[in-house]
Amino acid sequence: MPARRLLAPTAVFASVALIWWLAGRAGWTNAYLLPAPSTVAAALSDLAASGALLKHTLISLQRVLLGFALSVALALPLAVLLSASRPARVVLDPLLEFVRQVPPLALIPLLILWLGIGEAQKLGIIVLASFFPVFLGFRGGIAGVDPKLIEVGRVAGLTRRDILTRIVLPSALPELVVGLRISLGYSWRALVGAELIASSAGLGYMIIDAENLARTDIVLAGILVIGAIGLLSDLVLRLAVTRAFPWLSADLEAARA
Amino acid sequence: MLELIDASRQYDVAGRAVRALDGVSERFPAGSITTVVGRSGCGKTTLLRLLAGLTDPSSGEVRRDAARSIGVVFQEARLMPWLDAAANVAFPLKGRLGRAEIAARVDEALTLVGLTDARRALPAQLSGGMAQRVAIARALAQRPDILLLDEPFSALDAFTRRSLQRVLVDIWRRRRSTVVLVTHDVEEAVLLGESVVEMEAGRVVGRVAVDLPFPREATDPAVVDLRRRILARLVGGADPFNPQVCSRRKP
Ligand SMILES: Nc1ncnc2c1ncn2[C@@H]1O[C@H](COP(=O)(O)OP(=O)(O)O)[C@@H](O)[C@H]1O
Ligand SMILES: [Mg+2]
């Protein structure tokens with residue numbers, strides 16, 4: 001990524017910080033409801049110095065990545081199965097459609113009953129939040145394969161299996177990548193919900209705990225960190241995809257727009 | 001053997017039955033090169049799809065020796081966007097031949113179509129004509145017993161077209177594969193066919209044997225004369241812009 005591409009976003013964030021700071025100085029905002037950037041920065045550096053920030057971040061990162069990985073591991077085979085098998089579609093589609101309509105947060109009580117209040121429940125929420133984009137993206141990609149390319153495989157005498165692995169799945173990749181990016185984002189967004197109950201660490205916990213202690217500066221610091229890591233992980237995913245599949249970069253540009 | 005016996009193909013277009021192919025009986029002898037000519041919408045692609053086994057006839061029969069391999073050049077390039085030119089050419093060969101053999105065939109085929117420099121280019125980086133040449137190379141690299149080509153050269157500039165027409169005749173003469181080439185260009189049909197099948201409105205309306213040695217020249221008076229005669233018959237005195245020429249008339 002060329003440094004020039006980072007110029008505009010950096011300028012935008014700097015301007016927001018400036019306006020935020022000016023608003024505090026001018027007394028337009030309440031220092032308790034919206035602490036000044038300097039207060040937040042101080043809170044951030046305190047958290048960093050005490051090692052708390054690193055501990056919370058690592059725990060959250062682990063939860064997000066594990067939950068995201070679980071989602072992907074579930075979604076990919078399921079999408080292939082449902083695309084290939086009509087009976088599987090008939091049975092599973094209505095169920096999945098139903099679950100998709102239910103907000104993950106509404107399922108927290110059930111998840112607590114079924115999975116307890118440990119790590120499994122937290123991963124469960126992240127999985128519920130991040131499963132559908134990657135699942136639907138992959139299925140859409142598979143359904144959208146160009147039948148003209150399938151014919152190329154047919155005249156070449158490819159088996160059904162070869163047509164699936166050599167034509168259908170690669171065709172589905174652009175939409176899968178979009179699904180992956182949305183899912184990864186949703187995993188981060190589900191974090192606070194996941195760490196709402198019975199947790200003693202993680203960025204989500206840190207934010208909830210700070211709220212109880214009326215430490216708005218720490219709440220804001222936590223939000224900034226989650227947002228920044230979310231952006232960073234999206235960037236890493238995008239770079240990895242461009243590396244692995246150079247032909248996709250055009251599609252990625254379109255997806256970003 | 002490659003043969004259509006009273007073959008018809010109907011399509012349902014907005015609730016109306018369209019006869020894309022209407023009772024065609026035609027033999028394509030082993031080792032022959034046949035061109036099929038007719039204007040757009042007259043069923044040329046449908047005929048080729050039946051021969052390739054991509055569509056079944058609504059009635060009638062398609063006979064093809066199942067043991068014989070087929071290569072198809074479609075009207076569009078149909079390249080896999082995720083594979084570079086060389087990998088697209090190798091696509092039908094993968095898992096069938098050894099790596100060295102595949103590499104040799106890919107090199108040979110890309111050389112034949114004049115694209116050795118573009119072997120690492122992705123389809124999105126190729127012009128329409130280049131993509132079509134990769135598609136031609138893909139079919140040639142298969143060395144099929146039966147080679148079916150659907151207006152393979154129409155996206156090419158005149159120079160490239162002429163040289164690829166020669167390449168095709170060369171390969172046919174060396175390998176003695178059965179070639180069926182569909183075109184809307186009467187001159188091309190006369191230059192390339194041992195016989196020219198004339199189509200109109202889903203039917204075969206004529207078959208002309210072209211008794212001229214290869215390679216043929218477009219300026220050869222015999223070619224020019226034959227071209228004029230076929231053209232006159234296909235236009236049939238009718239207004240060439242009158243769409244009714246392609247309507248479903250009953251004989
Ligand atoms: N898949 C299809 N569905 C509906 N109509 C079709 C289809 N394929 C061809 N046709 C119709 O059949 C006729 C012949 O088409 P085609 O074989 O493609 O002609 P050509 O290749 O000579 O231009 C046309 O009227 C076309 O609209
Ligand atoms: Mg056609």
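**Stop 1: the salt bridges between the chains**

Start where chain B meets chain A: three salt bridges cross this interface. A salt bridge here is a side-chain nitrogen of Lys or Arg within 4 Å of a carboxyl oxygen of Asp or Glu. Select B:Glu76 and A:Lys148 to see a salt bridge whose closest N and O atoms are 3.4 Å apart. Helices (H or I, at least four residues) and strands (E, at least two) are DSSP runs, numbered from the N terminus.

Before you click on, a word on what you're looking at: this is a predicted model, where local features need pLDDT of at least 70 and side-chain atom pairs count only at pLDDT 80 or more, while totals for chains, interfaces and linings use all residues. Residues are numbered from 1 along each chain as its sequence is written, chains are lettered from A and ligands numbered from 1 in the order in which they are written, and side-chain values use heavy atoms, with hydrogens and water left out.

**Stop 2: the whole interface**

Show both sides of the interface. How many residues of each chain are in contact? On chain B there are 20, and they touch 14 residues of chain A; contact means heavy atoms within 4.5 Å. The two chains bury about 1600 Å² between them, with carbon and sulfur atoms giving 63% of that. Buried area is the accessible area (1.4 Å probe) that two parts lose on being put together, summed over both.

Next, pick B:Arg78, B:Trp82 and B:Phe91: they supply 40% of the area that chain B buries against chain A, more than any other three residues.

There are also seven residue pairs in polar contact between chain B and chain A (both at pLDDT 80 or more). A polar contact is a pair of N or O atoms within 3.5 Å; within protein, one must be able to donate a hydrogen and the other to accept it, and residues adjacent in sequence count only if both atoms are side-chain atoms. Colour the chain B side by residue type and you get 12 nonpolar, two polar and six charged residues. For that sorting, Ala, Val, Leu, Ile, Met, Phe, Trp, Tyr, Cys and Pro count as nonpolar, Asp, Glu, Lys and Arg as charged, and the others, Gly among them, as polar.

**Stop 3**

Buried means under 20% relative accessible area, exposed over 50%, partly exposed in between (1.4 Å probe, protein chains only).

**Stop 4: inside chain B**

Go to B:Asp22, in strand E2 (residues 16-27) of chain B. Is B:Asp22 buried or exposed? Its relative accessible area is 8%, so it counts as buried. Its side chain makes a polar contact with the side chain of B:Arg19 (2.6 Å), and another, of 3.0 Å, with that of B:Arg203.

**Stop 5**

Most residues other than glycine have a negative phi, and most peptide bonds are trans. Keep that in mind for the next clicks.

- B:Pro215: a cis peptide bond joins it to B:Phe214, with omega about -10°. Look for it in the loop between strand E9 (203-209) and helix H7 (221-235) of chain B.
- B:Arg176: phi is positive, about 55°. This residue is in the loop between helix H5 (158-175) and strand E7 (178-183) of chain B, partly exposed at 46%.
- B:Ala201: phi is near 45°. B:Ala201 lies in the loop between strand E8 (195-200) and E9 of chain B, and is buried at 10%.

**Stop 5: over to chain A**

Chain A has 12 helices and zero strands. Finish at A:Val80 in helix H3 (residues 52-84) of chain A, partly exposed at 22%. Leaving aside neighbours within four places in sequence, A:Val80 is in contact with A:Phe138, A:Ile142, A:Leu164 and A:Leu169.
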